[in-house]
There are 2 protein chains.
Amino acid sequence: MTALTPTPLVPPGPDRDLLRAEVDAVLDAFLGRKALTAVDQRMPTEVSTVLRDFLSSGGKRIRPLLCLTGWHAAGAEDRPHSVIQAAASLEMFHAFALIHDDVMDQSATRRGHPTVHRTLAAHHSRGRTLSAADRLGNSAAVLIGDLALTWSDELLHTAGLTPTQLTAVLPLIDVMRTEVMYGQYLDVTATGTPTDDVERALAICRYKTAKYTVERPLHIGAALAGAGQPLLDALSAFAIPVGEAFQLRDDLLGVFGDPAHTGKPALDDLREGKATVLAALALRQSSQEQADQLRTFLGLSTLTEDHADATRGIITATGAGHKVETMIAERYEQALRHLQAAHVAPGPARLLRELADGAVRRRT
Amino acid sequence: MTALTPTPLVPPGPDRDLLRAEVDAVLDAFLGRKALTAVDQRMPTEVSTVLRDFLSSGGKRIRPLLCLTGWHAAGAEDRPHSVIQAAASLEMFHAFALIHDDVMDQSATRRGHPTVHRTLAAHHSRGRTLSAADRLGNSAAVLIGDLALTWSDELLHTAGLTPTQLTAVLPLIDVMRTEVMYGQYLDVTATGTPTDDVERALAICRYKTAKYTVERPLHIGAALAGAGQPLLDALSAFAIPVGEAFQLRDDLLGVFGDPAHTGKPALDDLREGKATVLAALALRQSSQEQADQLRTFLGLSTLTEDHADATRGIITATGAGHKVETMIAERYEQALRHLQAAHVAPGPARLLRELADGAVRRRT
């Protein structure tokens, strides 16, 4: 591998805050250049401004961090700018995914701020009816998402990777995108009609989160460093259980979490009727009466706080909440066992363990 | 340039129907493979079925044709499979653009068939309220569009291009996408509040259509064949006026066209209040009374056939319709003049002239 702009590694391994700062600097500079070009070409600067605000409003940068961790896990000691930029492209892709997700879910807030489609509807409300402004907000947000997707390609293409590196990662990028979109498709078409199909809920969880958020970023980083199939397989053995645990925790937070921490309204997941493992288990383990009530409340767009409390009560009473906690703990242990067996250097191994801890124990 | 699977050229130049058939065969085989993979991975096969139906329901394949014409214009005589696949990737990208466009415009039909979001809403209506099914249709269509965008990348990445070819076209692909999305963004944010700003309407026309539909596909094909800047510039001098003429014709068809030919309802453009050059000219050249009426009708979602007739009458009376016809004729002549000066071989030159004729004289 080549070091275009080598950055010294902080011993005994890279620090999460440092990696995050490196990734954010790339994103910020890229969007700054896009803003200048838009001015030159008399194109709307609103697009890059909205994306900058969105990216700077929070986010854990998990995917770029895992990409860089995969890079170091494959034995790379330096960390050239090209690899940081390739890692940053994953965050730009994720901005696309979240912006489209919020339009589909019609979410009002994200990370404690109004969602992109809401911001744009408000910004373009003058001279329009409320419904015309809402429609414009949705359309403009879909387009800003599309641009984020395109710009994630551009970040990758202009990173300065070698042809060998590009050839190694382009197929992984293609597969990652198809997986997350298929997972999202399964999710969207299952939402609103909750069933006790735990296997389908787990498949959604695997494609939407475990592969997209953990496995593929690690693979992409490792492949940039020239890793072969045995390391990719070892990383998968760690990544899939961690990713599933991450999503199972997310499902619990969506129902039982504190909106002050999660940054999104507490009722959204219930009102949507998301086809989660938690909901499927509750339906499977409930009495007839409980199941009838759950089917009434899950996906009810007019769900109140009282309904939500009743739903939480049933989910807890069926033992589904406890079962999901157990599944998270099992997956966490399984992931750590595989990590120990994987012969990853201490620096990246520590990062992976920290990320697994964070994914499983987080409150946001 | 390398010929991986050389296809003999039909003298004295490639035939449009042959090129179209080659492109369609690639798209069909690709989506067939996607369907098989989806079965294997227990992912929804609906996605590739919907895309196949969409692509087979019509479409002129203008962008792949122009890409292949650019390839031959740069002197290439054979036509390897890799280049046909790269050209096909532009059609897959276009499927993305149209599917998202129809969601944004809330169009009911495209090419005489129900739009993708309408088809999906109907398909998933069981057990859902009408509005929940509509929302699901929109979300699923956005996701299928996202997958088409991702798969257009995959078609390009897996075409078997040389590293030199990939390096030459990736920046052009990135620029093309950013241009069309910016143009679309300008369009969406201008729609519903029509003004007499002819310059802005022309900018939308240039970015959304002239560059996206004509200039960039030609550039991409020529760059695949190793063309230098002088040929790219000569192609631009032809492409921009042809593309503008194409869009100006589209604007006229949107207002005055026969739905039996265009395949979309006659009132959509008026009801949307699209910021077209035609509308801007009509507003600029109208009396106060005419302008007031136009502002009432353009963007009126409840517009009737009678309103539409009145609007058409005003547009004609202001001379805007005639002026747009003149602009089309001027651009057509300008394009042909530049084509003659461009020293393109007779085969591709004939194709370019045919495409210019078709773009300007079409009824659909």
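Predicted model: local features only at pLDDT ≥ 70, side-chain atom pairs only at ≥ 80, totals over all residues.

1. On the side of helix 2 of chain A the contact is formed by A:Val47, A:Val50 and A:Leu51, and on the side of helix 6 of chain A by A:Ile144, A:Leu147 and A:Ala148. Sorted by class, this contact has six nonpolar residues, with no polar and no charged ones.

2. Helix 7 (residues 163-190) of chain A has 28 residues, which at 1.5 Å a residue should span 40 Å, and the 41 Å between its end C-alpha atoms agrees with that expectation. After helix 7 of chain A comes A:Gly192, which has a positive phi, near 95°.

3. Between the chains, 38 residues of chain A are in contact with 38 residues of chain B. Helix 4 (81-105), helix 6 (130-157) and helix 7 of chain A each contribute at least two residues to the side of chain A that touches chain B. That side of chain A has, by class, 20 nonpolar, eleven polar and seven charged residues.

4. In chain B, helix 8 (residues 198-224) and helix 12 pack with their axes 8 Å apart, at an angle of about 170°. That angle makes helix 8 of chain B roughly antiparallel to helix 12 of chain B. The residues that meet are B:Val198, B:Ala201, B:Leu202 and B:Cys205 in helix 8 of chain B, and B:Val277, B:Ala280, B:Leu281 and B:Arg284 in helix 12 of chain B. By class, this contact has seven nonpolar residues, no polar residues and one charged residue.

5. Helix 12 (residues 277-284) of chain B also comes within 9 Å of helix 15 (residues 320-341) of chain B, as judged by their axes, which cross at roughly 130°. Helix 12 and helix 15 of chain B are therefore oblique to each other, and helix 12 of chain B passes helix 15 of chain B in a right-handed crossing. Here B:Val277, B:Leu278, B:Leu281 and B:Ala282 of helix 12 of chain B make the contact with B:Ala320, B:Lys323 and B:Val324 of helix 15 of chain B. The class count for this contact is six nonpolar, no polar and one charged.

Notes. Residues numbered from 1 in each chain as written. Chains lettered and ligands numbered in written order. Axes fitted to C-alpha atoms, helices over the stretch in contact; angles between N-to-C directions. Helix = DSSP H or I, 4+ residues; strand = E, 2+ residues; numbered from the N terminus. Parallel < 35°, antiparallel > 145°, perpendicular 65-115°, else oblique. Left-handed = near helix turned anticlockwise from the far one by under 90°. Contact = placed C-beta atoms within 7 Å. Nonpolar A, V, L, I, M, F, W, Y, C, P; charged D, E, K, R; others polar. Expected span 1.5 Å × (residues − 1).
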